Structures are given as C-alpha cells and as structure tokens.
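Q: I have a model open and would like to learn how to read its features. Could you take me through it step by step?

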Amino acid sequence: MTSLYRLDAPAAAIATAFGADAGADPWTGDYVAPGQPAPVVVSDGRGGARRILRPKLWGVPPPRRAIRPVTHVRNLQSPFWIGTLRHAELRCLIPATAFSIWSGPEGARRQHWFSVSSLPIFAFAGIHRQGEDWPCFAMLATDPNQLVGRYQPHAMPVILHPDQHAAWLSGE
C-alpha cells in the first residue's frame with residue numbers, strides 16, 4: 001500500500017480542479033506521508049453542493065490496543081469504519097498528483113511512482129474525522145489494477161474519476 005504521495009499544486013489550483021473554496025489553506029505543494037498535514041476536499045454538510053478545501057493530518061487515531069494511526073481503509077465491514085462510511089458528510093476527496101509503491105526484497109527495495117496521465121490533479125476516495133487533537137483523514141484501498149499489481153499485489157488507493165466525485169461526497 002502507498003505510504004507516500006505527492007500533491008504538487010498550490011491550494012488555489014487544487015480548489016479550481018475540484019470546484020472547491022480554498023479559503024485560507026496555505027498549501028503550496030509537496031509530498032505527503034502519514035502524520036503530515038495535507039488538504040482534502042470536503043462538502044459543506046448541506047447536501048454536498050459546496051466543496052471546501054481543509055487541511056487535515058493523514059492518519060486516523062487507532063482503535064484500542066493499536067499504536068500507529070490508521071492511514072488506509074481496506075476492510076469496509078470493520079466496525080471501526082462502518083459508521084464513518086455510512087455518513088456521506090464524513091467522506092472526502094484526497095487530491096494527489098502521484099503516489100508511490102515500494103517493491104522488491106528487503107535491502108533491494110525500489111520505489112515506483114504512479115499518476116493519472118489525463119488528470120494533472122486526481123483524487124483518492126477518503127474519509128475524514130474530527131480527531132481529538134487534529135482533524136484527520138484516511139484513504140480507501142482496493143485490489144490493485146494490472147499496472148500497480150506488477151509491483152504491489154496487495155492493495156492500492158481507490159482513485160475516483162471526476163464524474164464520481166459528487167457521488168462519493170454525497171451518495172448513499
């Protein structure tokens with residue numbers, strides 16, 4: 001699964017790409033790793049018509065007995081996620097320009113970068129929460145497609161096509 005992605009665009013360009021209000025988001029473009037802040041696109045909670053760019057930390061506080069924040073949602077039937085997934089207002093779009101996957105044996109691992117050539121800025125499906133200390137998010141994962149599967153056979157982020165954005169943010 002990916003533990004690093006890039007978002008090489010300023011907040012204003014991200015907002016334009018997703019029809020969102022950037023507000024005062026200071027994002028200028030960089031890489032994002034777990035535990036770091038990044039902008040996500042959320043709906044305003046009033047039917048999802050208005051989209052807003054919000055900075056949040058990548059990684060949801062873990063369930064009891066776990067130590068590290070949870071960065072990916074893979075088991076959609078897990079009680080930890082099921083309530084969050086049922087509420088459209090807790091879904092978000094995670095803007096990205098590329099994501100990385102590591103492959104190979106220990107000591108000889110290689111990093112591979114993937115992007116969507118037809119979209120300079122694309123979106124992962126995500127969920128967001130109001131954490132105890134800081135608002136946070138996690139990305140949904142799915143089985144890898146043929147290209148990514150050559151390097152990472154377990155999972156990849158769910159990439160949404162632009163015509164799926166509204167349905168993800170407000171659909172049942």
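A: Let's begin with a charge and a ring: the charged end of Arg 129 sits over the ring of Phe 80, 4.6 Å from its centre. A charge counts as over a ring if NZ of Lys or CZ of Arg is within 6 Å of the ring centre and within 35 degrees of the ring normal. Arg 91 likewise has its charged end over the ring of Trp 168, 5.0 Å from the centre. Before we go on, this is a predicted model, where local features need pLDDT of at least 70 and side-chain atom pairs pLDDT 80 or more, while totals for chains, interfaces and linings use all residues. Residues are numbered from 1 along each chain as its sequence is written, and side-chain values use heavy atoms, leaving out hydrogens and water.

Q: How many aromatic pairs are there by this rule?

A: Rings of Phe, Tyr and Trp (its six-membered ring) pair if their centres lie within 6.5 Å; planes under 30 degrees apart are stacked, over 60 edge-to-face, and the rest tilted. Here the count is eight. Tyr 5 belongs to strand E1 and Phe 124 to strand E10, 119 residues apart; strands (E, at least two residues) and helices (H or I, at least four) are DSSP runs numbered from the N terminus.

Q: Are the rings of Trp 58 and Phe 137 stacked or edge-to-face?

A: Their centres are 6.4 Å apart and their planes at 5°, so this pair is stacked. Trp 58 is in strand E5 and Phe 137 in strand E11, so the pair ties together parts 79 residues apart in sequence. Both Trp 58 and Phe 137 are buried, where buried means under 20% relative accessible area, exposed over 50%, and partly exposed in between (1.4 Å probe, protein chains only).

Q: Which residues are buried in helix H1?

A: In H1 (residues 11-18), they are Ala 11, Ile 14, Ala 15 and Phe 18. Down the axis, these buried residues fall within an arc of 100°, so they line one face of the helix. That arc is taken from the directions from the helix axis to the C-beta atoms. On the other side of H1, Ala 12 and Thr 16 are exposed. Gly 19, with a positive phi near 60°, follows H1.
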